[in-house]
Each structure stands twice: as structure tokens, then as C-alpha cells.
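The following questions and answers concern the protein shown below. Please read them alongside its sequence and structure.

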Amino acid sequence: MPAPAKTARSLDDLLAVGALPRAQAEDPALRAVAERYAIAVTPDVLASMRSRDPATDPVARQYIPTADEAVVAPEELSDPIGDHTFSPVKGVVHRYPDRVLLKTLHACPVYCRFCFRREQVGPGGEALDGVELTAALDYVRAHPEIWEVILTGGDPLMLAPRRLAEIVAALDAIEHVGVIRLHTRVPVADPSRVTPELVSALRAERAAVYVALHCNHANELTSDARIALRRLSDVGIPLLSQTVLLRGVNDDAATLEALFRALVQARVKPYYLHHPDLARGTGHFRLTIAEGQALMRALRGRVSGLCQPTYVLDIPGGHGKVPVGPCYVDLSQEGVAAVTDRTGGVHLYPPPAKESA
Ligand SMILES: *Cc1c(COP(=O)(O)O)cnc(C)c1O
Ligand code: SF4
């Protein structure tokens with residue numbers, strides 16, 4: 001199969017690169033999925049698939065659409081984490097006092113089949129025009145409690161370097177903004193976009209710039225992806241990762257271990273392991289929180305603390321993210337904490353001695 005030069009953006013494109021059997025391309029359910037949700041598979045992502053079969057390959061499964069997405073469960077939501085409820089001006093989501101999301105564009109380098117914003121993201125330009133971006137920046141300026149601005153979307157590293165530099169400079173000029181964080185899939189999905197121009201667009205004088213990489217499987221960390229990450233870390237940008245726990249992609253301890261080790265070795269600190277959101281047509285990716293906790297317990301026993309993300313759930317309806325990892329402490333006995341070690345042994349931790357009056 002020759003390496004394609006362009007991103008596949010339709011079922012026909014996927015057919016042409018051998019990423020879809022012809023019989024499936026005719027399936028009306030899959031046609032309906034393709035009409036409803038954007039498709040994009042970059043040549044880099046295609047090359048990182050060991051097979052182009054979403055039933056067996058953990059990378060293919062993340063990006064190649066299937067008829068399973070036509071199945072919508074009653075509990076699934078079009079706005080699973082309640083972004084709309086907390087949007088004071090277009091493009092801004094202000095749910096926690098000290099930080100906001102700034103969504104400047106809808107486009108991503110690839111479209112993930114499990115995306116929690118799948119009803120919003122897609123090709124077709126910027127989410128904010130010049131006037132709207134000014135209004136969004138004015139909102140940040142007018143709210144001194146905002147300490148961190150998180151550029152997300154869509155993927156902020158899809159912006160032209162010059163435009164990105166303008167946004168970073170505008171935020172850097174706001175005295176109370178201490179951190180500018182960018183959430184991106186570009187270093188793994190389209191590493192050649194991480195050019196020296198793009199890296200210098202991220203330069204801020206005063207605020208700290210962090211990059212949080214979305215990566216779900218070690219196979220995504222190709223040598224080109226690691227070079228792109230290195231370009232960012234070499235200029236002093238701290239790198240974090242976000243991983244979505246997905247059935248058939250990374251739902252076993254060995255796969256998560258390999259991923260987190262590969263990330264740490266690429267100088268990326270695993271930050272969050274997200275329990276999947278209730279996005280429409282994504283039931284085939286979900287697992288139970290009990291299964292997620294068992295995986296986190298297994299990881300605690302087998303890998304370095306550097307490799308341990310926090311396992312979180314974004315509570316449906318906009319109630320925010322909370323840790324949902326396993327609990328190692330039982331406080332049900334008066335005063336004494338019963339703590340379970342990584343092999344299952346239980347140990348007592350006594351209360352402090354009573355102070356004499
Ligand atoms: C996830 C999210 C954040 C960032 O949360 P952290 O826990 O700081 O990573 C901020 N605002 C909104 C609305 C979010 O959904
Ligand atoms: S990169 Fe993020 S926003 Fe874009 S499709 Fe994937 S999960 Fe959704």
C-alpha cells in the first residue's frame with residue numbers, strides 16, 4: 001500500500017488507502033455516521049497503525065469510523081460535560097473560578113471516534129472571528145480571578161503560527177494570567193506541524209506555557225512524534241498528557257504501562273486518565289469505573305510514581321472533574337485508618353495522641 005500524501009477525510013478516502021473494506025463503505029449506518037461526524041486520518045496516524053482494522057488495532061480503533069457509532073444509548077448526551085451551561089461569552093467556558101477554556105477553533109488534525117465534543121468539532125474554519133476573540137480576551141481581562149487559560153477546541157496547534165503567537169502574546173500581557181495551557185493532539189497526529197515557527201509562537205515572557213498532549217496508546221508515539229515533543233521540551237515547555245480510557249484501545253494494565261512509560265521517557269508527565277464521557281454513539285468504547293479502578297490498582301503495583309496519572313471522571317451535566325481512582329484507606333473504624341498496600345495487606349495508622357489540656 002503506497003503511503004498517502006493527504007489526510008483521509010471521507011469514507012471514500014479511507015477506502016482508497018485500504019482503511020475500510022468495500023462492503024462496509026456501502027453500509028447505510030456507516031454512511032449516516034460519516035455524514036454526522038467529521039472524519040480525518042492523517043498519513044502519520046495511518047502509518048502508525050499495525051493493521052487498518054478498528055476491530056483489532058488500537059490506533060485504527062480511535063480514528064476509523066464504524067457503524068457502532070450509529071447506536072445511541074439513552075444516557076448519552078450531545079453536550080456530555082455541560083460546556084454550554086458555563087459559557088459566558090462565545091468560545092469561553094468558565095466552570096472553575098481560577099481557569100477558563102478558550103476555544104478558538106473547531107478543527108483538529110484527526111477526529112477521534114470517541115470525542116466528547118464530537119457534536120461541535122469539525123473542519124470549517126475558526127470558531128471565533130476577530131471580534132469574538134477580542135470579546136473572549138476582554139472577558140479574561142475583566143476577571144482577575146482567572147489565573148489559567150486553557151486553549152482547546154478543536155486543537156490550538158492547528159492555528160497558523162502567526163495567529164497563535166498573537167493569542168499567546170495577548171494572554172501574556174494580562175497581568176493575572178499565570179499559566180497558558182494548550183491541549184493538543186498535533187505532536188502525535190501531525191508531527192510535521194511542530195515547526196520552529198510554531199514552537200516560537202508559544203514563547204511567553206511572563207506566563208508559563210504548558211502543553212498537554214492527548215495520547216492513548218504507545219503506538220502513537222512514533223519517532224516523528226517524539227521528535228516533535230522534543231522540540232517543545234527543549235525550549236523549556238513542560239509537557240503533560242491526557243489519556244482517555246477506551247475499551248479495545250488501552251483497557252489493560254500492560255498497555256497502559258507501556259503508554260505511560262513511553263510518555264515519561266518522552267519527557268511527558270501523565271496528568272489525567274479520563275474515564276470516557278457520555279458522548280453520543282460511543283458506548284462501544286466505555287467500560288465501568290470499577291474496571292478503571294482495577295487498572296489503576298494494577299498500575300500502582302507495577303510502575304514508577306512518575307507514570308501514575310490521576311484517574312478522573314468529568315461528571316455528566318457540567319459538575320466538573322473529580323478523581324475516581326481506587327481508595328486505599330478505610331476510615332470506618334473510629335480514629336484508626338486501615339490502609340491497604342499494593343499487594344492487598346491491610347495496615348493500621350493510629351490517630352495523633354490526644355493533647356493534654
Ligand atoms: C477540564 C476542564 C478544565 C481543566 O481542568 P484541570 O483539572 O485544571 O485540568 C477547566 N475548565 C473546564 C471547563 C474543563 O472542562
Ligand atoms: S483531538 Fe480532542 S477535540 Fe479533536 S476530535 Fe480528538 S478528542 Fe475531540
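Q: What radius of gyration does the protein have, against that of a compact globule with 357 residues?

A: This is a predicted model, in which local features need pLDDT of at least 70 and side-chain atom pairs count only at pLDDT 80 or more, while totals for chains, interfaces and linings use all residues. Residues are numbered from 1 along each chain as its sequence is written, and side-chain values use heavy atoms, without hydrogens and water. The radius of gyration is taken over C-alpha atoms, and the globule rule is 2.2 Å times the number of residues to the power 0.38. For 357 residues the rule gives a value near 21 Å, which agrees with the protein's 22 Å.

Q: Is Arg280 buried, partly exposed or exposed?

A: Buried means under 20% relative accessible area, exposed over 50% and partly exposed in between, with a 1.4 Å probe and protein chains only. Because its relative accessible area is 25%, Arg280 is partly exposed.

Q: Which residues are in contact with Arg280, leaving aside its neighbours within four places in sequence?

A: Contact means heavy atoms within 4.5 Å. With those neighbours left aside, Arg280 is in contact with Arg36, Tyr37, Val72, Glu76, Leu77, Ser78, Arg118 and Glu119.

Q: How far apart in space are Arg280 and Asp57, C-alpha to C-alpha?

A: In sequence, 223 residues separate Arg280 and Asp57. In space, their C-alpha to C-alpha separation is 22 Å.

Q: What share of the 357 residues in the protein is buried?

A: The under 20% cut-off for buried residues applies here too. Buried residues make up 50%.

Definitions and conventions: Chains lettered and ligands numbered in written order.
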